[in-house]
Amino acid sequence: MQAAVQAKMPRNQAVFGSFWAYGRYVDCIKDNVQIDPPYNTGSDAFVYDDAFNVDLSKEEGRTDYRDEEGNIIWSEKRFKDNPASNGRFHTDWLNMLYPRLRIAKDLLTDDGVIFISIDDNEVENLIKCCNEVFGVTNRVGEIIWQSATDNNPRQITIEHEYVLCYAKNKSNLQPWQIPSEKARIIEDQYKLLKATYGDTDTIQQELRNWIKLHQTELQGVTHYNNVDKKGVYSNSSNSSNTKPGGYMFDIIHPITKKPCVKPAYGWRWAEKTFWDYDRVGDIEWGKDETTQPHVKKRIDTVTELLKSIYYEDGRVSTKQIESLFGKKKIFDNPKTMGLIERLVRFSAKENDAVILDFFSGLCHNRPCSHAAQCRGWRASQVYHGSAAGGVRRKERSVQGGL
C-alpha cells in the first residue's frame with residue numbers, strides 16, 4: 001500500500017490535513033507531523049469536530065458550512081467552547097487530541113517524528129498522552145521557545161512555550177545536524193572582502209573587525225576569524241588528547257627544526273593523520289616549537305545542532321502576517337516562521353520531504369512551505385484523500401478534518 005500511495009504523491013510536499021487522507025497516507029508521512037493544537041487556556045473554542053464516523057458520501061454533499069469552492073465558512077456553530085469552569089476541562093481537551101495523535105502515529109513512516117506546540121496549561125498532560133501513544137522511549141526531547149517579554153507583576157513571569165518532539169521509532173533516527181547558517185554569513189562576508197582586498201592579512205583583519213561588530217548575532221562561530229589562501233578557518237581546536245592514552249610522537253617544527261612541546265596525554269590524532277593535514281595546508285604552526293600546532297577547522301565544515309533553547313520574538317510573525325493582509329489582524333498568535341522552518345530543516349530530508357499539519361487552521365506551516373521552495377519542497381495539501389494544490393494553485397485548508 002505504501003508504495004502505491006507514494007507513487008501517487010508529488011515529491012516534497014507539505015500535506016495540510018484532512019481526516020479523509022488517513023486511509024491513503026498510512027505510513028507515508030516521511031518526515032514529520034507538525035501540529036499547533038488549541039492550548040486549552042480556558043478561553044479556547046474547538047472548531048475540530050470529533051465525529052470521525054461521518055459517512056464520506058454524506059460529508060461531501062454537505063453545503064451548510066462550505067462555500068461554492070468547498071472552502072470552510074467560519075461559523076460560531078462549528079465551535080465547541082471549553083471554559084475553565086468546565087468540570088471536564090482537561091478531559092475534553094485530551095479526548096479531542098488523543099485520537100488525533102494515534103492517527104498521526106499511524107501516518108508516520110518508521111523514521112518520522114512529530115512536533116507539538118504547547119504551553120504550561122497542558123504540557124504535563126500532553127507529555128503523558130504522548131508517552132502512551134508513542135512510548136516513553138520514543139521521546140526525542142523538547143524545545144523551550146522564548147517568544148515574549150512579560151513585564152506584568154506576578155511571582156514568576158512566563159515568557160516561553162514548548163515544542164515536544166516524539167518519534168515513531170527513535171532507534172531509526174540519525175543525528176540531526178545542518179550546515180551552520182552563521183558560518184555561511186561569515187563565509188559570505190569573506191567572499192566580499194576577498195573581492196575587495198588582495199592580500200590575506202588585510203582580509204583577515206577586516207574580517208575580524210566585522211565579526212567583532214556582529215559578535216552577538218554570530219555567537220558560537222566568532223572564533224572562525226583566521227584567513228589563509230584556502231579561506232576562513234579556526235585555529236582553536238585542541239591538539240591535546242582529553243585523557244591518558246593519546247598518540248605519542250615527535251612533531252618537528254618546520255622553522256626551528258626542534259620537537260614541538262608534547263601534550264601530557266599525547267596528541268589527539270595519529271602521526272599519519274597529522275602529516276596528511278599538513279600536506280594540504282591545514283596545520284597552524286606556532287612561531288617556534290614552544291607552541292603546539294593546531295589543525296585548521298574550515299568554516300565550510302561547520303555544522304549546527306538543534307538546541308533545546310530557542311529565542312525568537314513572537315511579535316515578528318504577527319507583523320509578517322499583518323503585512324500580508326494590509327496591516328489587518330487575521331490570526332491570533334501565529335507561529336513564527338523561523339522556528340517552524342528550523343524544525344523542518346533539521347528533521348526533513350530536503351530531496352524527499354513530506355510534512356503533515358492537520359491543525360492547519362492556524363496555517364503556520366503554509367508560509368514556511370512557500371519559503372522552502374528554494375530547497376525544492378512543494379507545498380500541497382490533502383483534500384478528501386487526493387493530493388491537490390501546490391504553491392502555484394489555490395490551496396485549501398481543511399478546518400475540521402483531523
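I looked up Lys257 and found it exposed, with a relative accessible area of 58% (exposed is over 50%, buried under 20%, partly exposed in between, with a 1.4 Å probe and protein chains only). I am working on a predicted model, where local features need pLDDT of at least 70, side-chain atom pairs count only at pLDDT 80 or more, and totals for chains, interfaces and linings use all residues. Residues are numbered from 1 along each chain as its sequence is written, and side-chain values use heavy atoms, with hydrogens and water left out.

**Lys257, continued.** Lys257 sits in the loop between strand E10 (231–234) and helix H8 (271–279); helices (H or I, at least four residues) and strands (E, at least two) are DSSP runs numbered from the N terminus. I noted a positive phi for Lys257, near 60°, in a residue other than glycine. Most residues other than glycine have a negative phi.

**Gln292.** Gln292 is buried, at 18% relative accessible area. Its side chain makes a polar contact with the side chain of Ser240 at 3.3 Å (a pair of N or O atoms within 3.5 Å; within protein, one must be able to donate a hydrogen and the other to accept it, and residues adjacent in sequence count only if both atoms are side-chain atoms). Leaving out residues up to four places away in sequence, I listed Ser239, Ser240, Val261, Lys262, Pro263 and Trp267 as touching Gln292 (contact means heavy atoms within 4.5 Å).

**Helix H10.** Why is H10 largely enclosed by the rest of the structure? I found that 8 of the 11 residues of this helix (337–347) are buried, so the rest of the structure largely encloses it. Glu341 and Arg342 are among the buried ones.

**Cores.** The largest nonpolar core has 27 residues, and Ile35, Leu97, Leu101, Ile114 and Leu126 touch the most other members (such a core is a set of buried Ala, Val, Leu, Ile, Met, Phe, Trp, Tyr and Cys residues joined through side-chain atoms within 4.5 Å). Strand E2 (32–35), helix H4 (89–107), strand E5 (113–118), helix H5 (123–134) and strand E7 (160–167) each supply at least two of its residues. I also noted a second, separate core of 15 residues, including Trp210 and Val232.
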